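I opened this model for a first look and kept notes as I went. Have the structure beside you and follow along.

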Amino acid sequence: MAVSTSVDLGLTEPFAHGPALAVLAAHAVAGCEVVDVAAGTHRRLVAGAHGPVAVTIALGATAVELTVESDEDADVRAAVGAVRTYLDLDLDPADVIAVLGVDPVVGHLVRTTPGLRVIGHPDGFEAGCTTILGQQVSLAAARTFVARLAAAYGRPGPGGLRQFPAPGDVAARTPAEIQAAVRVPAARARTLHAFATACADGLRLDAQGDHADIRRRLLALPGVGPWTVEYLAVRLLRDQDAFPAGDLVLRRALGVPDARAAAETARSWSPLRAYALFHLWTEAAYARRGPAEALDGR
């Protein structure tokens with residue numbers, strides 16, 4: 001009989017759990033994740049002490065409960081740390097309100113939804129693949145491509161969930177094989193292969209790493225530009241001031257013509273530009289498509 005351990009993850013209220021669930025649902029990879037927006041739950045694998053463990057996260061307005069399908073203390077500690085970072089649960093919303101709450105552009109959004117978190121990702125390689133496959137396509141198309149990648153090269157994991165491919169699993173394939181499996185343009189397959197090879201050779205997208213070096217190594221990859229790097233800096237490096245100024249949804253939300261104008265508008269948002277970005281993305285997502293489609297960010 002499977003054993004599990006439940007932990008109440010502390011947070012500083014308020015917590016905008018509705019937008020958080022919408023983000024999770026919008027980016028969920030079929031086979032690897034299950035999000036039930038109505039029930040307020042998200043199930044996936046995270047790194048445990050000795051391998052992946054299945055977790056279920058229950059998100060509510062005042063609390064987040066984590067159930068880890070293990071009774072090993074080391075697995076539980078690893079999962080708690082990963083999920084706290086993933087969902088930005090260490091944030092004190094008062095810090096964001098103090099900087100952005102009176103801003104003439106985003107202040108009303110911050111005051112309306114003061115508990116909005118910057119939702120990250122618990123796995124750097126998976127997030128990088130998802131972002132690369134999502135370049136210049138819709139979010140729905142990106143989910144399809146990532147699900148194909150997981151189905152082709154992933155492995156069965158605990159709890160009936162699929163384990164996302166490791167960097168070596170993808171790097172061992174040729175770009176042509178990746179293109180055939182995922183059904184993306186050849187250039188995108190080459191970029192994905194180059195990224196997998198770099199990760200297999202030691203590149204780690206980790207908030208604790210050297211951010212400048214990670215950015216430099218990413219930009220050196222073919223097909224990776226500033227948008228991809230800054231997007232990953234927001235969601236993986238947890239850089240609170242990261243800002244993909246060229247993002248199309250962002251520029252539309254601001255009503256500006258180009259990245260330079262977006263960056264100029266955002267100058268007063270430092271050092272929390274990533275939170276302003278998430279507020280603008282969230283507003284655009286709810287206004288145009290409703291919570292089920294959440295944040296496109298492209």
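My entries below go through a helix pair, some aromatic rings, the cysteines and a few backbone details.

**Ground rules.** I am working with a predicted model, where local features need pLDDT of at least 70, side-chain atom pairs count only at pLDDT 80 or more, and totals for chains, interfaces and linings use all residues. Residues are numbered from 1 along each chain as its sequence is written, and side-chain values use heavy atoms, with hydrogens and water left out.

**Entry 1: two helices.** I began with helix α5 (residues 124-133) and helix α11 (residues 226-235), whose axes come within 10 Å and cross at roughly 145°. Helices here are DSSP runs (H or I, at least four residues), strands likewise (E, at least two), numbered from the N terminus. The axes are lines fitted to C-alpha atoms over the stretch in contact, with angles from 0 to 180 degrees between N-to-C directions. I noted that α5 and α11 cross in a right-handed way; the term applies if the near helix is turned clockwise from the far one by less than a right angle, and left-handed if anticlockwise.

Which residues in α5 and α11 meet? From α5 I listed Ala-127, Gly-128 and Thr-131, and from α11 Trp-227, Thr-228, Tyr-231 and Leu-232. Contact means heavy atoms within 4.5 Å. Sorted by class, this contact has four nonpolar residues, three polar ones and no charged ones. In that sorting, Ala, Val, Leu, Ile, Met, Phe, Trp, Tyr, Cys and Pro are nonpolar, Asp, Glu, Lys and Arg are charged, and the others, Gly among them, are polar.

**Entry 2: aromatic rings.** Next I looked up rings of Phe, Tyr and Trp (its six-membered ring), which pair if their centres lie within 6.5 Å; planes under 30 degrees apart are stacked, over 60 edge-to-face, and the rest tilted. By this rule I have six aromatic pairs. One of them is Tyr-231 with Trp-281, tilted, 5.8 Å centre to centre and 50° between the planes. This pair links distant parts of the chain, as Tyr-231 is in α11 and Trp-281 in α14, 50 residues apart. Trp-281 also forms a tilted pair with Phe-278, at 5.5 Å and 55°. Phe-278 and Trp-281 both lie in α14, three residues apart, about one turn of the helix.

**Entry 3: cysteines.** How many disulfides does the structure hold? I found zero, a disulfide being a pair of cysteine sulfur atoms within 2.5 Å. The sulfur of Cys-32 is 11 Å from the closest cysteine sulfur, in Cys-129, so the two are too far apart for a bond. Cys-32 is buried, with a relative accessible area of 4%.

**Entry 4: backbone details.** I saw a cis peptide bond between Glu-13 and Pro-14, with omega about 0°. Pro-14 sits in the loop between β1 (5-9) and α1 (17-27). Ser-270 to Pro-271 is cis too, with omega near 10°.

Technical notes: Buried means under 20% relative accessible area, exposed over 50%, partly exposed in between (1.4 Å probe, protein chains only).
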